[in-house]
Amino acid sequence: MAAIIELQGISKHYSKTIIGVDNVSLTVEDGEFVTLLGPSGCGKSTLLRMIGGFEQPTHGMIRLAGQDVTTVPPYKRDVNMVFQDYALFPHMTVGDNIAYGLKSQGKSGAEARRLAAQALDLVGLSDKIDQKPQQLSGGQRQRVALARAIVRRPKVLLLDEPLSALDARLRDQMRIEMKHLHEKVGITFIMVTHDQEEALTMADRVVVMEKGRVAQDGRPQDLYDHPASPYVANFIGTTNFLPGTLAARLPGGARVATAAGMVTAETEVTLPEGAEATVGFRPEKLRLLAPGETAANELPARIVEVIYYGLGLRTTVELKGGAQVHVDTLLGDSLARSAVPTPGAEVRLGLEPHNVFVFGGRVAA
Amino acid sequence: MAMKPSSSRLAADTALTTFVCLLMAFLYVPIWVLIAFSFSSSRSLTWPIPGFTLDWYRKLFANADLLAAVGNSFYVAICASLLALAVGIPAAMALHRYDFWGKTLFRRLILLPITLPGIVTGISMLNMFRLFGFSQSLETVIFGHATALLGVVVTQVFARLQRLPKSLEEASYDLGAGPARTFFRVTLPNISSAVVGAGLLSFVLSFDEIPVTFFLTGRDNTLPMYIYSTLRRGVTPEINAVGTLIVLATLVLIIISVVLSRDRTPR
Amino acid sequence: MNRKLSAALVLGIPLAWVVVFMLLPYGIIVTYSFWVKTYPTFKPAFQFGNYLTLATDPQYLQVLGRTLKISALTSLFSLLLAYPFAWWLVFRCPSQALRTWAYMAVIAPLWVSYLLRAYIWKTILGTEGILNSFLMSAGITSEPSSLFLYNQFAMVVTLTYIFIPFMVMPIYTALERIPANLSEASADLGMGPVQTFLRVTLPLSAPGIAAGFTLTFCLSFGDFIAPFLVGGPDGNLIASVIQTQFGSALNWPLGSALSIVMLVIVLGIVSLSDRIEAKAQTGAA
């Protein structure tokens, strides 16, 4: 697959101290669905807007299908954006909105109308073609915005938090619809979101950003199972952290001494022995061991609190040494028929070594 | 919150409502007086009115000078409003979009003629025109009005631009339209209510303008100048007739502007 | 058309206009103000004689004082009339439709010719005018009184009448912006209606008052037409003096100096008002 977007050393400096994007290099393959993920202020929207041409990078180069487009204005770039507030023209009908972009491509009025109808059909809103945007619901407007962008068959489709204005149920529905749309039209999608669940479910590749830099770039499962930093580990899903010291390096793994006990991890570690380290593990990877059950890592603990959230139980436990961690257990049966841990009880936590992350240094609580 | 109004509150409210009615009367009684006297058969303006006549209106329409002045006023008002829009809309856009050296001074200067006595605007522009060899004429009046009216246009259009989401313009760029096309097909239609309102207001203000016109006009009179010079010689009932017609025209204009501003509510 | 060109046009056209039709003319006036009057007209020079005259000659100071007094009185009375009306509109008006109509009814006179609204008071207040006829027919007076016209009273009444809408508009806007629940919160915390008004509503409407006052003051300050029509001998305000300097007196330098003084006074008032408004904003934010 060819690279459709290449970002080389892109930076956006607002002043000497305020840096929006810091030396980001990124390649997007043709047909991929990539999300830029991060909290507000991390630079993801700025990066997207630079790809679209609405902001100029202070350093670096942007290539689109091999051509340098860094200084090319948006109306001459073969990319299209779906704006966060949809930006539908209120004084035009839905059909005219969609046809607007086709006129500048030189299509005749009749041809534009035909293609517009086609695009509306694709998103399931054919009957709305003569209505005004104000008459549509939020979800419908979003689909019109999509159609308006897609109808031009751009090389890349940019989406700026497209689902953030929708309510939860509609959002879940639209995630799936958008994924299907992507498969159908085959255009490269680059989407910005702050919702990690969204990124995981929709994207082929996730680029996690922190303070203007790329923290990690990879497939959703790689990010989830092998986070490169505590930031990524806690931004995608949740992670329990335990401070410790690297006790020993083993072939294909390591042992970390923590106040809660010795933890064995099955992950490549480059830290020297004796170095400060932090161990991380996800709540759902912990098991409350039944009497007689064993695991590669066993941590004695005391139940502090149990919270029921329908899907499962979130149990807070206190480990030796005082640290508190969370354990998530899915309920396979109704609550009444499940074994619910009692606060105050002494238990043992089981954790498999391949589910343990090891990071250098200490993580702020 | 349902509370039983106390008697003191009731008294206060009644007093206030009475005040409001009296204020309305204060504002409108003089206008009714004007209209009443335009039909009075007596030359003097004493009360009660002796008889009813349409003479003054007849004399009005036979008055060639007056009719010429009205025509001049229309000419000046239309040109000045269009000019004010042509310069004011870009000015509002520049203030809304760009940051540049001297921006505050630029904005203050544009808004200055609103609070500054028209006499100063008139005199300063007269001197400028004289310096470059232009003598006073209706055309110098047009430029004077347009300058004074810029502030009106800029205020209205700027306020509307602030409420326009930036993403609409960006979406237009994104869809392949350059700056010119974006302005005419997206920006302008969405600020049209402000443009029409500002244009109408400018027209009315120009029609009624005196201080700037006083200094910049040559031999041709505008309507207010004509009325003013007539008034200097003494009050005549024809003036009442002119006044009534102006009130009528104003009413029509207000109705038009209300209707126009109601139709456009794309939110 | 590319972006740089469009930016140049959007900025360039108004900028050029402002330079030619505002900066240049003001610059010329400033220059003239330093010229000297020689018989029969005047000639270029650089001297402060004109300003000196204005500062020391009692007749000019008197005119300036009179103008400031009239403007202040007009603004004050406009405020006293406009504020209760605006308050009624926002807080006591029974229906939204009535509110719109009443607001329009106050603003509408602005669209009626200014000249007419000034001249009509000449008719009403004159010795043969309506007020006198009414008073006589009601038996209150036995002969026409000349007390009403051609004096400062007439000027203040006329100017107040003309400029009330300018006072109503900003006060109305400021009052409308006050969130409804603030008075409810004040009542909840134990303040009666008068207290709530004095401690919550009035301070929050201060920017509107400042704006209206400034506008009305500046407009009255520069007016020469209404004073001419109804002011009589007291009707010689600054604007009329300037007009004479550029007319029969042919003393452009003095007229220019007086114009500059007027400009400075108006600018001073506007920036003072701006500062009050800005302070009120940060205080209320």
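**A walk through the model**

Let's start with chain A, whose secondary structure comes to eight helices and 20 strands. Keep in mind as you look that this is a predicted model. Along the principal axes, the C-alpha atoms of chain A fill a box of roughly 75 × 50 × 35 Å. Chain A has 365 residues, and 40% of them are buried. Now consider the contacts in chain A with a separation of 6 or more: 64% of these join residues 24 or more positions apart.

Next, find the open sheet in chain A, where five antiparallel strands run in the order E15-E19-E16-E17-E18. Strand E15 (287–288) and strand E18 (324–330) of chain A each have a single partner strand, so they stand at the edges with one side left without a neighbour in the sheet. You can follow one pairing in detail: strand E17 (residues 312–319) of chain A joins E18(A) in the antiparallel sense over seven bridges. Here, Glu318(A) stands opposite Gln324(A) of E18(A).

Now turn to the nonpolar cores. The largest one holds 150 residues, and the members that touch the most others are Val153(B), Ala86(C), Val168(C) and Ile171(C). Helix H7 (residues 152–177) of chain C gives this core its largest share, 17 residues. What is Ile171(C) in contact with, leaving aside its neighbours within four places in sequence? Its partners are Ala82(C), Tyr83(C), Ala86(C), Ser205(C), Gly208(C), Ile209(C) and Gly212(C). Apart from this core lies another, made of 104 residues, among them Val34(A), Leu163(A), Phe281(A) and Val325(A).

How values were computed: Residues numbered from 1 in each chain as written. Chains lettered and ligands numbered in written order. Predicted model: local features only at pLDDT ≥ 70, side-chain atom pairs only at ≥ 80, totals over all residues. Helix = DSSP H or I, 4+ residues; strand = E, 2+ residues; numbered from the N terminus. Buried ≥ 20, exposed ≤ 12 C-beta atoms within 10 Å, placed from the backbone. Contact = placed C-beta atoms within 7 Å. Pairing = 2+ DSSP bridges. Core = buried A, V, L, I, M, F, W, Y, C linked by C-beta atoms within 7 Å.
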